[in-house]
Amino acid sequence: MSTCKKCLVTSSRPEADFDSRGLCRLCRDYESGKRGGASPELVAWGRKDFSATVEGIRGKRACDALVCLSGGKDSAYLASLLRGEYDLKLVGFYVDTGFQPAFSRANLDRAADRLGIPLEVFSWPDDFSRRFYRYFFTRPLASGLTGTVCRVCQLAIISAALGHARRRGIPLVLIGYSPYQSGGDWFYELKPEVFASAWRAMGDFWSDPAIPPGLRGRFCIPEGPDGEPPPRLLMPLHVLNYPSEREVRARLAREGILPSSRSLPRKTKCDLVRLMAYLDTLHFGAPPHRLLVSEKIRRGEASRWKYRAAFRAFSWLCRLGLCQPALVRATLRRIGLTGEEALRCLREGRESDEGYRDVFRMDPRRELTRAFPP
Ligand SMILES: [Zn+2]
């Protein structure tokens, strides 16, 4: 297996198509100025819509908008923009799945405190959490666990945020997806019909009779019996000023919201993400996130040789069973699976379906397919 001379795309990927210089198609496209993502006109349109939306809601209720916070840099950065530049009265919302590290929660409390945002937490009961993750760990897509479980988890978190805002009469939900996390029809606003279509990726999980109706009622389930329209859900970082990740972290540190030693993505990863990376690496022979890292390398935001060495070391540690073995064992135990069972499910992974879009992994092949602005 060979690797692109500029990024980390390998010859096994469909986007490899190496030229005589050993560059992949994505790097050639980047060189020639053909880049996925939003056009400047589209970004300008979104920014204008955001300003108008904010003007229309500011100060009309006890709380203007609900912002999803995760303890990571992007949601903290979004919250600081909303407070500082848009003067919104916010409530922070956090879903505690039981698998996030204590580190994230400490970050979250600190950021909310510094920004003066009251925090409301939805803690998933252990039994629900176990059922949810076990269901999707045993039904991964052929593209891997990271691409399956992270996506459905994000859908469930969005659904919980919409449900929470609706009950509280809050008209707007804001989520801090970075510009890397856009594509297809996931850009700036998540339309109810797009959300509903993505929801089908959840299969029949929600019809499990073991989920108590009261708990199910805390989620906004599309096409559910309640019929009330959900609040608007916007992803403002797709159109607002988002400098490089390094600058975002530096700004949070300067403002005393998160010291940069606490905002490294690897530190705020949940235990399940670590387990998925381990299992995907064993299954595919290489760590996930290769496309995302490659795009950062192309844009000069990450070092190719450092990531190349890190990926090699990580693959090697996984094969030798030296990659956080205690955490891997404990996390598997909590979702009621053995490593062998999880790997067998991965080998039987199903092909992606229409509702299951690759939203939460950056993929530069994805263009904004729907006509925006609407
Ligand atoms: Zn490349």
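Two residues are in contact if their C-beta atoms, placed from the backbone, lie within 7 Å. Contacts of this kind are used throughout the description of this predicted model.

The chain contains 14 helices and five strands. Its radius of gyration is 20 Å, close to the 21 Å that the globule rule gives for 374 residues, so the chain is as compact as a globular protein of that length. The C-alpha trace spans about 60 × 50 × 40 Å along its principal axes. Of the 374 residues, 39% are buried. Among contacts with a separation of 6 or more, 79% join residues 24 or more positions apart.

Helix α5 covers residues 126-137. The 12 residues of α5 reach 16 Å from first C-alpha to last, close to the 16 Å expected at 1.5 Å a residue. Phe132, Tyr133, Phe136 and Phe137 of α5 are buried. Seen down the axis of α5, the buried residues fall within an arc of 120°, so they line one face of the helix. The cover over these residues includes α6 (145-168), α10 (271-284) and α14 (339-347).

The largest nonpolar core has 80 residues. Val67 and Val149 have the most contacts inside it. Helix α6 supplies the largest share of this core, 12 residues. A second, separate core has 12 residues, including Cys7, Leu26, Tyr30 and Val293.

Ile297 lies in helix α11, which runs over residues 290-298. A residue is buried if 20 or more other C-beta atoms lie within 10 Å of its own. Ile297 has 22 such neighbours inside 10 Å, so it counts as buried. Leaving aside residues up to four places away in sequence, Ile297 touches Cys7, Leu8, Ala302, Arg304 and Tyr307. Of these, Cys7 belongs to the second core. Ile297 and Ala79 are 218 residues apart along the chain, and 27 Å separates their C-alpha atoms.

The average pLDDT of the chain is 88, and 92% of the residues score at least 70. Over residues 359-366, pLDDT stays under 50. The model has 29 contacts beyond four places in sequence for this stretch. Where pLDDT is low, the predicted coordinates should not be read in detail.

Terms used. Residues numbered from 1 in each chain as written. Predicted model: local features only at pLDDT ≥ 70, side-chain atom pairs only at ≥ 80, totals over all residues. Helix = DSSP H or I, 4+ residues; strand = E, 2+ residues; numbered from the N terminus. Rg over C-alpha atoms; globule rule 2.2 N^0.38 Å. Expected span 1.5 Å × (residues − 1). Arc of directions from axis to C-beta. Core = buried A, V, L, I, M, F, W, Y, C linked by C-beta atoms within 7 Å. pLDDT = per-residue confidence, 0-100.
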